[in-house]
Protein chains: 2
Amino acid sequence: MRNCADRLLDLIDELGNPSCGGLDPNINNFPDFIVKEALKKFDLEPRKPDQDIEKEFEATAWAIEQFNKIIIDSTADILPAYKPQSAYYEQYKAPGMKALENTIRYIQSKGRIAITDAKRNDIQETAQAYANAHLGMVPLITGVYAPAFYADMLTVNPYLGSDCIRPFIEVCKLYGKGIFLLAKTSNPSSQEVQDLELAKKHGGRDVYEQVALKAEILGRELIGNRGYSSVGMVVGASGETPEKLKEQAETIRRLNAYGINLVPGYGTQGGFGIDTVANFNGDGYGAIVNNARKFIYAYMSDPWKSKYKPEKFDKAARQAAIEMRDDIVNALREAGFKRWSK
Amino acid sequence: MRNCADRLLDLIDELGNPSCGGLDPNINNFPDFIVKEALKKFDLEPRKPDQDIEKEFEATAWAIEQFNKIIIDSTADILPAYKPQSAYYEQYKAPGMKALENTIRYIQSKGRIAITDAKRNDIQETAQAYANAHLGMVPLITGVYAPAFYADMLTVNPYLGSDCIRPFIEVCKLYGKGIFLLAKTSNPSSQEVQDLELAKKHGGRDVYEQVALKAEILGRELIGNRGYSSVGMVVGASGETPEKLKEQAETIRRLNAYGINLVPGYGTQGGFGIDTVANFNGDGYGAIVNNARKFIYAYMSDPWKSKYKPEKFDKAARQAAIEMRDDIVNALREAGFKRWSK
C-alpha cells in the first residue's frame with residue numbers, strides 16, 4: 001500500500017494547494033432548492049404533523065449527500081482533500097452515517113483524500129474497532145472481512161495515551177492510511193488542558209508539546225518516501241493571539257519535524273493564510289489548512305454574498321476555495337519558501 | 001425533566017446494585033445459533049463470494065441487536081443501566097448505528113438507563129451537534145426537531161476544554177440527561193497524558209485532577225435532589241497497582257464529591273469489587289461499576305464456561321451480573337458503608 005503522507009503531498013503538489021475543504025453540513029444553511037428537492041423526492045411537506053419520522057431523517061441525510069456532491073463537483077480540481085466532520089452526519093443516525101459513507105466514496109472517486117474528522121479514541125480493543133470502522137476492514141457475520149467507512153485519514157484524540165493510538169497505527173500500515181492526533185485545537189478553552197505547563201520532571205513542557213513528542217515517536221513507523229509521516233497532528237490556526245499561535249505552531253514544528261499538521265480554523269475561526277505559515281517546514285510542506293463554514297457557506301458570507309445567489313452556492317464555494325489557496329500560497333511565498341515561489 | 005443523576009440513583013436503590021452491563025458486541029464471540037439465524041434470515045451463506053456486501057453488513061448488525069436483546073431480557077431485573085460502546089456498532093456503518101439506536105430504545109423500554117460510551121467531543125458548534133445527536137433533538141429538513149439516538153447518558157472527552165463541554169451541559173439540562181467526562185481511563189498508557197504532573201503554578205496537580213476539578217465546577221449546574229450531579233466522570237478500575245488506583249480514586253472523590261464515577265475495567269481489565277470502593281462516598285453512592293466482556297461473554301470464561309453451553313450465554317451473563325453485584329455490594333459492606341449493610 002502506498003504511504004498516505006506521500007499520497008497527500010503528491011496531490012498538494014499536483015494542485016499547488018496545501019488546503020482542504022471541510023464538509024460540516026448544517027441543513028439550516030442549505031439553499032432552498034435542495035430542501036425542496038429533498039421534500040419532493042421523499043414526498044414530505046414542511047412542518048406537517050404525523051409524517052413518517054424515519055423518512056424525515058432519510059430525506060435530511062439525502063439532502064446532505066446532494067449538497068456535498070455539488071460542492072465536491074465544483075471544487076475537486078482545486079482541493080486535494082476534503083474533511084467531513086462526523087458529528088454532522090451522526091446527528092441523522094443510520095441515514096446520516098450512510099451519507100457520510102457515500103460522501104467519503106464520492107471524494108475518493110474524484111481521486112481526492114477523504115479525512116474523517118471524528119476525533120475518536122478509546123481503550124485498546126475499542127480503539128481497534130474504531131480504527132477498523134473508519135480506516136480498515138471489519139469482520140462480517142459471513143466470516144469475511146470488508147471495508148466499512150474506509151476513509152483515507154482520521155482525526156484521533158490522544159488523551160488515553162499511546163497504547164490506544166497503536167491500533168490506528170497498525171491499521172494505517174496495513175491499508176496505507178493516516179491519522180491526525182489532536183495536539184492543539186482551535187477553540188478558546190483548548191488552553192484549559194492542552195496549554196497546562198507540566199512539572200520540571202517532565203521537562204516543563206506544556207501538555208500539547210508532550211502530545212507532539214508522542215506523535216513524533218509513533219510517526220517514525222509511517223514515514224513515506226517524501227520524508228513525512230502518515231501520523232500528523234491537529235494544530236489550531238486560531239488562538240488567543242496571533243503571536244501565541246505562531247509560537248505554539250513553531251514549537252510543534254520543532255518537536256515533530258515530519259508530522260503533517262492539519263490546521264483547522266481558517267476563515268470562520270479567525271485564521272488567515274499568514275497565521276498558518278509557522279505550521280510549514282522550510283521545504284514548504286508539512287501542513288494542510290482546513291476551511292469549512294467560509295467554504296461551503298461562502299454564499300452566505302461577505303465578500304461573496306453580494307455576488308452569488310443561493311442556487312450558486314457551489315460557485316461561491318469554488319471562489320472561496322480559490323481565494324483560500326491563493327491567500328495561503330501567497331503567505332508562503334512572502335515568507336520566502338522556495339517551493340511556493342513563482 | 002427529571003435530573004438524570006436522580007434517575008440513576010433511584011434505580012441503583014431499587015435494584016440494590018451500583019453496577020452496569022457493557023454491551024461491546026464482538027461477533028467472533030457470538031454463539032453459533034445467533035450467527036446461523038442471521039445468515040438464514042438474510043439468505044446468506046458463510047464465506048460465499050459475490051454475496052451482497054450491504055446485506056452482509058445488515059445481517060451482522062441484526063445479529064448484534066438480537067444478541068443485545070437476549071442479554072437485556074435476561075438481566076434487566078438485576079442491572080440499573082447498560083453501556084453500549086459505540087465503536088462496536090460504528091464498525092457496521094449505517095446498519096450498525098441502527099442496531100445502536102434499537103439497543104438504546106430497548107434498554108429504555110425496560111426502564112433502564114442507556115449510557116452511550118462514545119467518548120465524543122470537538123470544538124463548540126461540533127460539540128453541539130454531538131450533544132444533539134446522542135442526547136438531544138436534531139433539526140430535520142421538514143423544519144421539525146426530533147430525537148436522534150437519545151441515550152440517557154454519554155461519555156465525553158475533556159481534552160478540548162470546557163467551552164466544548166458546555167453544549168453537552170445545556171442539552172443535559174433541556175432533556176434530563178447526563179454525561180461522564182473522562183478523568184482517568186483504565187488502560188495502561190492512560191498515565192502518559194492523564195497522570196502527568198503539572199507545574200507548581202497550576203497547584204502541582206496531575207492532569208486528571210485538573211479534569212476532575214473542571215467536572216466539579218461544570219457539574220454544579222446539574223445537581224439533583226439526591227445531591228449528585230448529572231456530570232460524572234470516568235474513573236478506571238484497573239491501573240498500575242491497586243494502591244495507585246485507590247489513591248487516584250480517592251483524589252478524584254475529594255476533588256469532586258458530587259460527581260458519579262463510571263468505573264470501567266471490572267472483570268476483564270483486572271478490577272474487582274474491592275478495587276472500586278474508593279470511588280464511593282461515605283453515603284454509599286457516587287459510583288457505577290461497568291463490566292463488559294466478563295458479562296456478555298461470561299459463557300466463554302471461567303468459572304462459568306464449564307456450567308453454561310453457548311446457547312445459554314444469557315444465563316451465564318445473568319449469573320455473572322449477579323456475582324458482580326454481590327462482589328461489589330459485599331466490598332461496600334465490608335468497607336463499613338451503612339447504605340449497604342444487611
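Student: Start with α5(A) and α5(B). Is the crossing where α5(A) passes α5(B) left-handed or right-handed, and which is it here?
Tutor: The crossing of α5(A) past α5(B) is right-handed. Keep in mind that this is a predicted model.

Student: At what angle do α5(A) and α5(B) pack, and how far apart are their axes?
Tutor: The angle is about 160°, and the axes are 8 Å apart. Angles over 145 degrees count as roughly antiparallel, and α5(A) and α5(B) are therefore roughly antiparallel to each other.

Student: Which residues make that contact?
Tutor: From α5(A), the contact uses A:K93, A:A94, A:P95, A:M97, A:K98 and A:E101. From α5(B), B:K93, B:A94, B:P95, B:M97, B:K98 and B:E101 take part.

Student: And how do the residues of the contact of α5(A) with α5(B) divide by class?
Tutor: There are 6 nonpolar and 6 charged residues, with no polar ones.

Student: Zoom out. How many residues does the contact take from chain B and from chain A?
Tutor: It takes 76 residues from chain B and 76 residues from chain A. Several elements of chain B each supply at least two residues to the side that touches chain A, among them α2 (32-41), α3 (53-75), α6 (124-135), β4 (137-139) and α9 (207-219). By class, that side of chain B has 39 nonpolar, 24 polar and 13 charged residues.

Student: What rotation superposes chain B on chain A?
Tutor: A rotation of 180°, with 0.0 Å of shift along its axis and an RMSD of 0.0 Å. The two copies are thus related as by a two-fold rotation axis.

Student: Through what surface do the copies meet?
Tutor: They meet through the same surface, because 100% of the interface residues of chain B are also interface residues in chain A.

Student: New topic, the barrel in chain B. How many strands close it, and in what order?
Tutor: There are 8 strands, in the order β1-β2-β3-β6-β7-β8-β9-β10, and the pairing is parallel. From one strand to the next, the twist averages 30°.

Student: Take one pair. How many bridges join β7 to β8 in chain B?
Tutor: 5 bridges join β7 (residues 178-184) to β8 (residues 231-235) in chain B. Within that pair, B:K184 is opposite B:V235.

Student: Which strands of chain B does helix α13 lie across?
Tutor: In chain B, α13 (residues 313-334) lies across β1 (19-23) and β10 (287-291). The helix runs at about 145° to β1(B).

Student: Back to chain A. At roughly what angle do the axes of α2(A) and α3(A) cross?
Tutor: They cross at roughly 135° and come within 9 Å. α2(A) and α3(A) are therefore oblique to each other. The crossing is right-handed. On the α2(A) side, the contact residues include A:I34, A:V35 and A:L39, and on the α3(A) side they include A:W62 and A:F67. The contact has 8 nonpolar, 1 polar and 1 charged residues.

Student: Where is A:D50, and what is its phi?
Tutor: A:D50 is in the loop between α2 (32-41) and α3 (53-75) of chain A. Its phi is near 65°, a positive value in a residue other than glycine. Most residues other than glycine have a negative phi.

Student: Last one. Is the peptide bond from A:D302 to A:P303 cis or trans?
Tutor: That bond is cis, with omega near 0°. A:P303 is in the loop between α12 (293-296) and α13 (313-334) of chain A. In chain B, a cis peptide bond joins B:D302 and B:P303, with omega about 0°. B:P303 is in the loop between α12 (293-296) and α13 of chain B.

Technical notes
Residues numbered from 1 in each chain as written. Chains lettered and ligands numbered in written order. Predicted model: local features only at pLDDT ≥ 70, side-chain atom pairs only at ≥ 80, totals over all residues. Pairing = 2+ DSSP bridges. Helix = DSSP H or I, 4+ residues; strand = E, 2+ residues; numbered from the N terminus. Axes fitted to C-alpha atoms, helices over the stretch in contact; angles between N-to-C directions. Contact = placed C-beta atoms within 7 Å. Nonpolar A, V, L, I, M, F, W, Y, C, P; charged D, E, K, R; others polar. Least-squares fit on C-alpha atoms with pLDDT ≥ 70 in both. Parallel < 35°, antiparallel > 145°, perpendicular 65-115°, else oblique. Left-handed = near helix turned anticlockwise from the far one by under 90°.
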